[in-house]
Amino acid sequence: MTDRHDHDHPHDHDRPSPFRRLAHRLRPHSHGTADKLDSALQSSARGMRALWVSLAVLGVTALAQAGVVLVSGSVALLGDTVHNAADALTAVPLGIAFVLGRRAATRRFTYGYGRAEDLAGIVIVLTIAASAVFAGWTAFGRLLDPRPVEHVPVVAAAALLGFAGNEWVARYRIRVGRAIGSVALVADGLHARTDAFTSLAVLLSAGGAALGWRYADPVVGLAITAAIALVLRDAAREVFRRVLDAVDPALVDRAERALTEVPGVRGVGELRLRWIGHRLRAEVAVVVDGEATVREAHRIAVDAEHALLHAVPRLTAAMIHADPEPVPGAGDPHLPLAHHAAGPA
């Protein structure tokens with residue numbers, strides 16, 4: 001028997017206090033479709049707000065730094081400016097993904113458009129890679145043909161401005177991304193954090209130039225390129241895992257514990273979790289009494305889904321399949337499906 005519901009839980013049950021648990025029991029609440037849509041729209045709205053605010057902050061920062069680059073000729077600051085501009089522009093694919101994620105499922109896209117966030121994550125990774133290549137190429141060229149950096153105090157001030165703007169944006173994006181479960185937004189926040197530290201590296205370039213070391217600027221430019229490469233590695237790993245439907249094993253453990261505590265569930269079989277955008281879906285097989293009626297098995301499945309919605313953060317839907325408890329000597333009820341599970345020869 002298969003029991004399928006599309007629910008969302010609008011509450012945050014990561015670490016509920018005793019007061020919140022009591023209030024939850026006393027206050028009427030729903031897991032219906034309207035709740036699911038409201039929660040999804042709220043998450044997307046928070047993501048969009050984070051994108052536009054960070055776009056404005058990084059845009060102003062990049063424009064100010066670009067003006068300094070024109071008068072100073074610093075390739076270290078140029079690399080930082082390009083990276084800031086690229087970071088600001090990553091708001092575009094993410095914004096498109098959040099807008100698409102709001103669209104309802106169709107007969108062609110039966111799970112909706114939430115996976116557009118994964119595509120946006122890939123675009124972000126490619127953008128980080130492109131900025132690393134550009135910064136490295138520019139710095140290497142200047143290393144072969146060193147030139148003096150002019151207006152060193154202004155370069156130092158632009159570096160501090162870049163650090164302040166990027167660190168603020170990084171904290172904001174990472175906080176919102178983790179809150180709504182968007183790995184693409186978190187990756188974008190890590191991108192901004194690297195920009196913050198590379199802006200500080202520009203200060204070293206300015207200091208070296210002030211001391212008369214003409215190689216300071218390109219050397220720091222290459223160091224910035226290495227820092228960008230490190231963030232590229234981390235962001236690519238997270239996006240790659242999300243594309244392959246990887247989840248935190250702790251979430252699987254939490255789901256299993258919640259299911260085993262449901263009255264009537266005598267065992268937990270196959271359990272799968274997957275991200276669709278910044279929301280989770282689950283597919284579970286639970287073992288119930290073989291003598292239970294269809295209505296009883298359905299009730300157990302509903303209780304199991306309800307428990308999952310409370311136990312697993314950002315879970316919005318679960319498909320529960322009830323299997324009868326094995327009887328000694330009886331055949332496997334799934335035997336007719338065995339040759340399909342084996343796949344084509």
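## Exercises on a predicted model

The accessible surface of the protein chain comes to about 18,000 Å², and 64% of that area belongs to carbon and sulfur atoms. The model is a predicted one.

**Exercise 1.** Describe the make-up of the protein chain in terms of helices, strands, burial and contacts.

*Solution.* Begin with the secondary structure: the protein chain holds 11 helices and 4 strands. Next, consider burial: 45% of the 345 residues count as buried, the criterion being a relative accessible area under 20%. Finally, take the contacts between residues at least 6 apart in sequence: 76% of these join residues at least 24 apart.

**Exercise 2.** Determine whether the span of helix 6 agrees with its number of residues.

*Solution.* Helix 6 covers residues 152-180, which is 29 residues. The expected span is 1.5 Å times one less than the number of residues, so helix 6 should span 42 Å. The C-alpha atoms at its ends lie 42 Å apart, and the two values therefore agree. Just after helix 6 comes Gly181, with a positive phi of about 80°.

**Exercise 3.** Locate the largest cavity and characterise its lining.

*Solution.* First, count the cavities: there is 1 of 30 Å³ or more. The space in the largest cavity is about 30 Å³. Its lining comprises 10 residues, of which Gly101, Gly114, Glu117, His278 and Arg279 are the closest to the centre. Then sort the lining by residue class: 3 are nonpolar, 5 polar and 2 charged. Lastly, assign the lining to elements: helix 4 (residues 91-101) supplies the largest share, 3 residues.

How values were computed:
Residues are numbered from 1 along each chain as its sequence is written. This is a predicted model: local features need pLDDT of at least 70, side-chain atom pairs count only at pLDDT 80 or more; totals for chains, interfaces and linings use all residues. Side-chain values use heavy atoms; hydrogens and water are left out. On a 1 Å grid over the protein atoms alone, a cavity is a set of points where a 1.4 Å probe fits but cannot get out, and a pocket is an open set with protein on both sides within 12 Å along at least five of seven lines; lining residues have an atom within 4 Å of a point. Grid points are joined across faces, edges and corners, and a volume is the space filled by probe spheres set on the points. Helices (H or I, at least four residues) and strands (E, at least two) are DSSP runs, numbered from the N terminus. Ala, Val, Leu, Ile, Met, Phe, Trp, Tyr, Cys and Pro count as nonpolar, Asp, Glu, Lys and Arg as charged, and the others, Gly among them, as polar. Buried means under 20% relative accessible area, exposed over 50%, partly exposed in between (1.4 Å probe, protein chains only). Contact means heavy atoms within 4.5 Å. Accessible areas come from the Shrake-Rupley method with a 1.4 Å probe; for residues, only the protein chains shown count as cover.
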